[in-house]
Amino acid sequence: MIYFDNASTTRVCDEGVKAAMEAMNESFGNPSSLHRLGITAENIISTSRREVLNALGVKSGTVYFTSGGTESNNTALFSVAEWKKARGNRIIVSSVEHASVLNSAKELARRGWDVVYLDVDKSGIVDLKKLEESVDSNTVLVSIAAVNNEIGTIQPINDISRIIKSKNPNCVFHSDFVQAFSKIRVDCSLVDMASISAHKINGMKGCGALYVSDKVNPVPFLYGGGQEKKFRSGTENVPGIASFGAACKWYKGQRADNYTWVSELRQEAVNAIAASIPQAKIISDTDNSSPYILSVTLAPLRGETVLHSLESKGVFVSTGAACSSNKNTVSHVLKAIGLDKKTAEGVIRISFSPANTKEEVFEFIAILKDVVEDLTF
């Protein structure tokens, strides 16, 4: 088996499995309980929270555990909107955000918020001039992902933060860090809120977090027993949180080496595709994108057809964001960067992990070459 769908999800690392199993089998108490088992579970959460903060590289602010990136993104938008509703009604997002941001923005627009969607260039970079023109005294929130989940584009977070804060220091800057966290270097101090997810970095599914700086005081999104400092009620997912913390610690110790290795893997893939599959076209801007994601079109072949042909040979990729690739529509990201329908329908997303090898890359390209030839003739 060759697994190149790591942007969708990753295998849980051994450390993450061990931490989760111990939390399920030994430290299974409710963290809100006052007895020893409860206190042990609460200590696991506290330890994991420190690991996440360390991985983010921040010394202040709070991490609130959630069920994943989608909840974190929803919480950021709706809680800030509620907190800031008396100070303005404009929210700005990019046109290539994850569906959990775009659909939250759409719902806020339905409720009367003035939502501005920023266009992007052919590489997927947001229009900074439009951003500067759009941020005003009425703007309460800007949400722009650090790394695009479909084509890997890295946004200029430094410039974005500078523009936002120079135009309106009170505007909250939220960023979806899901595909950036522990993979590329991003200065978390430049954002006020950041969403992250465990299963993108070899932790368990069903666990994520929202980083909130000390400058932000958002309104709770969920109400109940007051867990997570009264911000995110509900009994905590201790095994998931334990796995998340362990994965953060594991990843942090080798982030630079991982980046170098994955960059080599992607370059090998790019070179091999160019040499052996003439009709393939690289969509990702390899000069300014995460090495963990490589988007390629094989048009006029359909990406879905290629995906299933590869699957039959034990190779796993995706046609885009896993949360939306099962819908029979062209990706909004590919539309936004100007791809025509046929080119967009031919896209597959190859996403790497530090556990992948060059041998897997070479074998994958050989199989892909055969698949393309078989489907073409």
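**Strands, charges and cut-offs**

Five bridges join strand E7 to strand E8 (residues 208-212), and these two strands run antiparallel. The model is predicted: local features need pLDDT of at least 70, side-chain atom pairs count only at pLDDT 80 or more, and totals for chains, interfaces and linings use all residues. Residues are numbered from 1 along each chain as its sequence is written, and side-chain values use heavy atoms, with hydrogens and water left out.

Q: What makes E7 and E8 a pair of strands?
A: Two strands pair if DSSP finds at least two bridges between them. Five bridges join E7 to E8, so the pair meets that rule. One of the contacts involves Ser-195, whose bridge partner in E8 is Leu-210. Strands themselves are DSSP runs of E with at least two residues, while helices are runs of H or I with at least four, all numbered from the N terminus.

Q: Which strand pairs with E7 in the parallel sense?
A: That is strand E6 (residues 172-176), over three bridges. Here His-174 has Met-193 of E7 as its bridge partner.

Q: How do you know that E7 is mostly covered?
A: Buried means under 20% relative accessible area, exposed over 50%, and partly exposed in between (1.4 Å probe, protein chains only). In E7 (residues 193-197), five of five residues are buried. Met-193, Ser-195 and Ser-197 point one way, Ala-194 and Ile-196 the other, and all are buried. In a regular strand the side chains alternate between the two faces of the sheet.

Q: What makes Lys-369 and Glu-373 a salt bridge?
A: A salt bridge is a side-chain nitrogen of Lys or Arg within 4 Å of a carboxyl oxygen of Asp or Glu. The closest N and O atoms of Lys-369 and Glu-373 are 2.8 Å apart, so the pair qualifies. The two residues are four apart in helix H12 (residues 358-376), about one helical turn. Lys-369 is partly exposed at 29%, and Glu-373 is partly exposed at 33%.
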